[in-house]
Amino acid sequence: MTEVSYINPLSNEGRGIIRNYGDLNQIFKEDDSLIEICTHTANQKLSDDYIPKSYHDLALKRIQWAIEKKNNKNFTQAEFEFLTNDELYLQDVVTFHILCQAIAVQFNTGSRETRLFVQSQGTLILERLAKIPPMSRAEIIDDVLDEVKIDGSIKWKSLKDIVASKRLKLTDLLIDRGDIVLQQDDFLNRFADRFHDRSPDRMYSILIGDSVKEQILSRLVMQKTEEYIKRIKEMSSRIEIHPAIIKIGEELKEFIPDETGKYNQYYAGNGGIYGSVQAGKLNPDAFPPCIQETVNGVSSGGRNDAIVLLLTSFASYARLYPRIFASEENVKVSDMDPDLTITENEILPLIFDAADNCTPPLFEDQPQEKINIISKLGFGMHDRLDINHEGETKWYTPMSCEKIKIHLPNLCHPDKSCKGINNPLSCYGRKKFQLDNAQKE
Amino acid sequence: MFSKATLKERRQYYREEWSVKDLPEFIATDLKKREFGFDHNGRGPNDRYKVFRGPESLGKFLKFKSPFAAYISVAFYNNPRRREDWLKAEYIFDVDAKDIPIRTCQCNGVCEVCLGEALEIVNSLIDTLQSDLGLKNIHLIYSGRGYHIRILDEEMMSANSELRSEVLKYAAGAEVPKSQFINPEISNKSFNFEHFTIPVGYSKIFTDKVKFNIQHLVGNEKIDGINPKLMKDILSSRHHLDNDNWGYFKRDIGPRRYKNLVAAMARVNLSTIDAKVSIDLKRILRLPSSLHSKVSMKCMEVKNRENFDPLDKAVPKFVYERKGV
């Protein structure tokens, strides 16, 4: 019988395991039962030398699995088969909590390291569920989903945090009168008469079956994992963290870039996707499609948002501080451009030219937008840059692709350079990196 | 009607026709927690951060100032005068008749026809919000040139912009529904179902909206992703949709172009609504019961949305007194 904590380490059962776990100093020592279970896991192709021998080893193996699963084209599950062995649930729960704490202490909550771990937890749950016999699986799924059920059904509103984080799409769910339809009899009661040329039973199995429940479950645990990491992060400023956790956190800081770097040079190094991008002259060839369109001129309707909100923040950060999203620091324009010459001579002319290219030219009928541009650079509501006014307003960061789709749908025409990107600044960083490399070759 | 109101007409409206009772209850309740904004000269709402203790003091202000336009925040604050200590905000769908991307009238501003089409669109949105998403506290406001759907369900009032955006995409039909379904218990192969073959849930919402759009096309619309040849073929094949023969319609369009068509329709669906308004937590919106002076129409709550006729219900008396009307 599979334990609930094997699927949801944040369940009451999982918390009980943590409460009963002894000394954290033991996590670096060899653990016989861990070695025994890993060694005897079916379908495993791993030499004894690579079998995890301690909780510390198991923690690193989990992260290695996450990186390889995501990046290695020759990934072999058989080398990590022990991760889907339900006999390992005790060790797995402890390792999960160790990793959550180490990640919370070492990395920011929005960092790619945190995202990698949270994402991998969701993937691991789905892989584990797939290996559990159907009867036990249904029981475990119901058990985990119980906490979001109201009167036997799940309201979409009870999953609003997961929907807001985009882990679960409303459009992928079957929703009726606020309920997410999951059970077969419920589906048939509500919709059987709507299917004329197909069997409603079969349509239920195809459209919903167990797969939707499993998706909800894995997203729910991902969300809870993220919240748990956030809570630890907040607490870590007030309470003393165990040295073993700090040590693992420091190890992960080296381990993750090293492992990731084996598969993707660009993503390697601290700071992730933005880390390797240096400030430098703007390269228009690397502008993403939405920025190219804005620079060429926007027609009436979206002009203000395109110039003031999108281009001003994009051009200024792309030129002065392209790694803003990696740093999570509060920066000012003058930190990078102390005498404001770059801003005056390179950034503002680009923005003003784009404003002139609009139809009709933006400043002709809306000259006040010049003030808004200055304001979005952090220099208050004034008509020109003045270092003495800096800080009166905030230097706006570039809006995400998601926001562009909402605010400026006519500018969003993604091409292949946008693939896997969620902010035009990161698209620019990647494209510039590739163009710079191509030039060197 | 549809022409600008003079200061004299505005005064006449607020002093003789407007009444505190015209304020919908959901507006009058907790009025002092909202920010008000006014446009006194037709150049935009630059008299902001106003606060009123209750409907009576608001009424006095309106009668005295007779503003060109009056606005109220969707947000509730502990300190509305400074827009501080945000508590919650209504969730809004703003459909402006003049901005609907597919309009059979093709007029330059607004007319009876596009206002009617805007009403059809908001009715369909409200049906989805109620029947699918289970939202209950929904009010429809005729804004003067279109409609505002104002939602006061607590879950949505406390929602952040991200959740608002996701609900918007669902209700608007702004995403192409998934067509591949994998269920290893039945088969290792995936099943492929076009949106029109699934008569429930989001696929149905999307299908209904695409059908509405296609049936309202005139042919000269410039729609991203639909070239003139595709537009011509859509128009010549759309009769199949009268009987929901989507299979024939898709066959005539061709599978590759059909994919382009549905992607384009998802974008059209999103641009039918002013999405910026929906995700904004601090927006000000035209005050129900106030005068839309640009078009000389009353902004008012719609009680019976099935047969609301703005040209009958939302025309102020002074319009009838104008020469030549």
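## Domain interface

In chain B, 13 residues of domain 1 are in contact with 13 residues of domain 2 (heavy atoms within 4.5 Å). Pro101(B), Ile102(B) and Gln106(B) supply 52% of the area that domain 1 of chain B buries against domain 2 of chain B, more than any other three residues. The two domains of chain B bury about 1,000 Å² between them, 63% of it on carbon and sulfur atoms. Buried area is the accessible area (1.4 Å probe) that two parts lose on being put together, summed over both.

Between these domains there are 0 salt bridges (a side-chain nitrogen of Lys or Arg within 4 Å of a carboxyl oxygen of Asp or Glu).

## Basis

This is a predicted model: local features need pLDDT of at least 70, side-chain atom pairs count only at pLDDT 80 or more, and totals for chains, interfaces and linings use all residues. Residues are numbered from 1 along each chain as its sequence is written, chains are lettered from A and ligands numbered from 1 in the order in which they are written, and side-chain values use heavy atoms, without hydrogens and water.

## Domain layout

Domain 1 of chain B spans 1–160 + 281–325, and domain 2 covers 180–271. These bounds come from an automatic or database domain assignment. The domain centres, taken over C-alpha atoms, are 34 Å apart.

## Annotated site

An unreviewed UniProt entry lists Asp94(B), Asp96(B) and Asp274(B) under "active site"; such annotations may be inferred rather than shown by experiment. They are spread over 181 residues of sequence, yet cluster in space, with a largest C-alpha distance of 7.7 Å.

Asp96(B) is buried, at 19% relative accessible area. Asp274(B) is partly exposed, at 27%. Buried means under 20%, exposed over 50%, partly exposed in between (1.4 Å probe, protein chains only).
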